[in-house]
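Hi,

Here is the structure I said I would pass on. Please open it first, then read my notes below.

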Amino acid sequence: MSSKHDGSKHFGTYLDRTARSVKQAYLKVFQELNIDITTEQWVLLMNLYEQDGQSQAELANGSFKNAPTVSRIIDLLVRKQWVERRIADDDRRRFHVCLTDAGRAVVEKIYPPVRALRHKGWEGLSDEDYQTFLRIINRIFDNFNG
């Protein structure tokens with residue numbers, strides 16, 4: 001079947017290409033800073049920097065990752081001594097994930113070049129473009145998950 005005539009849009013290829021390019025840019029920054037971190041670890045650290053003491057479920061929701069993946073990432077971050085698990089006061093079976101001073105220092109070292117990357121990614125685009133992008137990307141997500 002010819003793709004010219006089947007009405008399909010090959011948006012997955014474009015999404016994958018863009019996601020890989022963004023991830024590589026982040027990894028290059030981490031490497032230049034000589035910080036051993038993945039983009040997945042960065043996302044959790046940044047979420048904790050913005051709101052410390054989240055539960056594993058909150059981190060999973062905020063990073064769009066499943067609970068087992070988040071648990072593995074937290075384990076790695078604990079081993080690096082960038083986060084710690086603290087037992088919840090109201091329920092000893094639950095815990096909150098909190099940044100350590102070392103973890104906070106890592107975020108503060110990485111954040112300025114990451115902010116510059118974010119600005120670079122949106123060069124030549126307006127706030128309206130960003131809102132259109134979010135509308136479209138969320139619609140595609142909903143189409144597959146709704």
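**What I found**

Asn-47 sits in helix α2. Helices here are DSSP runs of H or I with at least four residues, strands are runs of E with at least two, and both are numbered from the N terminus.

Before going on, two points on the source. This is a predicted model, so local features need pLDDT of at least 70 and side-chain atom pairs count only at pLDDT 80 or more, while totals for chains, interfaces and linings use all residues. Residues are numbered from 1 along each chain as its sequence is written, and side-chain values use heavy atoms, with hydrogens and water left out.

Is Asn-47 buried or exposed? Asn-47 is buried, because its relative accessible area is 16%. (Buried means under 20%, exposed over 50%, partly exposed in between, with a 1.4 Å probe and protein chains only.) Leaving out residues up to four places away in sequence, Asn-47 touches Gln-54, Leu-59, Gly-62 and Ser-63. Contact means heavy atoms within 4.5 Å.

**How α2 packs**

Take α4 (residues 67-79) to begin with. α2 and α4 pack at an angle of about 85°, and their axes are 10 Å apart. Axes are lines fitted to C-alpha atoms, for helices over the stretch in contact, and angles run from 0 to 180 degrees between N-to-C directions. The two helices, α2 and α4, are therefore roughly perpendicular. (That label covers 65 to 115 degrees; under 35 is roughly parallel, over 145 roughly antiparallel, the rest oblique.) α2 brings Glu-40, Gln-41, Leu-44 and Leu-45 to the contact, and α4 brings Val-70, Ile-73, Ile-74, Leu-76 and Leu-77. These residues are seven nonpolar, one polar and one charged. Nonpolar covers Ala, Val, Leu, Ile, Met, Phe, Trp, Tyr, Cys and Pro; charged covers Asp, Glu, Lys and Arg; the others, Gly among them, are polar.

Now α1. The axes of α1 and α2 come within 10 Å and cross at roughly 80°. So α1 is roughly perpendicular to α2. Lys-23, Tyr-26, Leu-27 and Phe-30 of α1 meet Thr-39, Glu-40 and Trp-42 of α2. By class, that contact has four nonpolar, one polar and two charged residues.

Please look through both contacts in the model.

Best wishes
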